Amino acid sequence: MKTMVLGGVRSGKSRLAEQLADASGLHVTYVATARADDAEMARRIERHRADRPGDWGLIEADTGLAAALEEAARPDGCLLVDCLTLWLTQLLCTEDEALIEREREALIATVPRLPGTLVFVSNETGMGITPMDALSRRFADEAGWLHQRLAPAMDRVVLTVAGLPHVLKGDPL
């Protein structure tokens with residue numbers, strides 16, 4: 001089962017993804033994509049860490065997300081990736097166009113063939129106003145295109161709003 005959970009800031013997407021991973025009954029490995037580049041982000045990461053079950057594995061993925069997933073995916077395991085948009089931010093901040101394209105395409109090619117249960121968390125960024133600066137506009141575009149390209153490989157896509165899941169594709173929760 002491959003599931004993508006989308007939502008805005010504080011929509012409940014991570015909580016839902018963690019519930020889905022836990023309900024899989026499989027050994028869960030949390031694939032973290034955030035970096036603690038400032039004190040506030042470090043607090044967010046610590047809060048996420050404290051909320052997770054202690055027996056879950058942890059992989060701290062950098063920009064090489066596809067390779068990390070390929071290495072960790074098992075038929076009898078569950079990988080929870082939180083989150084795709086933080087990973088995308090890390091890539092965009094490199095300003096290395098070849099790296100951005102290579103890693104994005106690697107992820108899109110890798111996801112359909114990964115064994116086991118996968119739960120992806122990502123921010124739905126395209127529901128607000130168009131940002132004023134170029135990097136923010138590019139981020140919103142890239143996130144939207146990534147979601148559109150990954151959604152066909154998902155068994156289920158869920159949009160979370162105000163803590164309420166809305167299944168867009170696949171079986172109900």
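User: Which strands does α4 lie across, and at about what angle does α4 run to β5?

Analyst: Helices (H or I, at least four residues) and strands (E, at least two) are DSSP runs, numbered from the N terminus. Axes are lines fitted to C-alpha atoms, for helices over the stretch in contact (heavy atoms within 4.5 Å), and angles run from 0 to 180 degrees between N-to-C directions. Here α4 lies across β1, β4 and β5, and runs at about 65 degrees to β5. This is a predicted model, in which local features need pLDDT of at least 70, side-chain atom pairs count only at pLDDT 80 or more, and totals for chains, interfaces and linings use all residues. Residues are numbered from 1 along each chain as its sequence is written, and side-chain values use heavy atoms, with hydrogens and water left out.

User: In what order do the strands form the sheet?

Analyst: Two strands pair if DSSP finds at least two bridges between them. Seven strands form an open sheet in the order β3-β2-β4-β5-β1-β6-β7, with mixed pairing. At the edges stand β3 (57-60) and β7 (164-169), each of which pairs on one side only. Strand β2 (residues 27-32) is joined to β4 by six bridges, and the two run parallel; His-27 stands opposite Gly-77 in β4.

User: How many residues does the largest nonpolar core have?

Analyst: A nonpolar core is a set of buried Ala, Val, Leu, Ile, Met, Phe, Trp, Tyr and Cys residues joined through side-chain atoms within 4.5 Å. Buried means under 20% relative accessible area, exposed over 50%, partly exposed in between (1.4 Å probe, protein chains only). The largest core here has 32 residues, and Leu-84 is among those with the most contacts inside it. A second, separate core of 15 residues includes Trp-56 and Val-121. Leaving aside neighbours within four places in sequence, the contacts of Leu-84 include Met-4, Leu-107 and Phe-120.

User: Which backbone features are found at Cys-83 and Glu-95?

Analyst: A cis peptide bond, with omega about 0 degrees, joins Asp-82 and Cys-83. Cys-83 is placed in the loop between β4 and α4. Glu-95, in the loop between α4 and α5, has a positive phi of about 60 degrees although it is not a glycine. Glu-95 is exposed, with a relative accessible area of 68%.

User: Where does Ala-162 lie, and is it buried or exposed?

Analyst: Ala-162 lies in the loop between β6 and β7. At 68% relative accessibility, Ala-162 counts as exposed.
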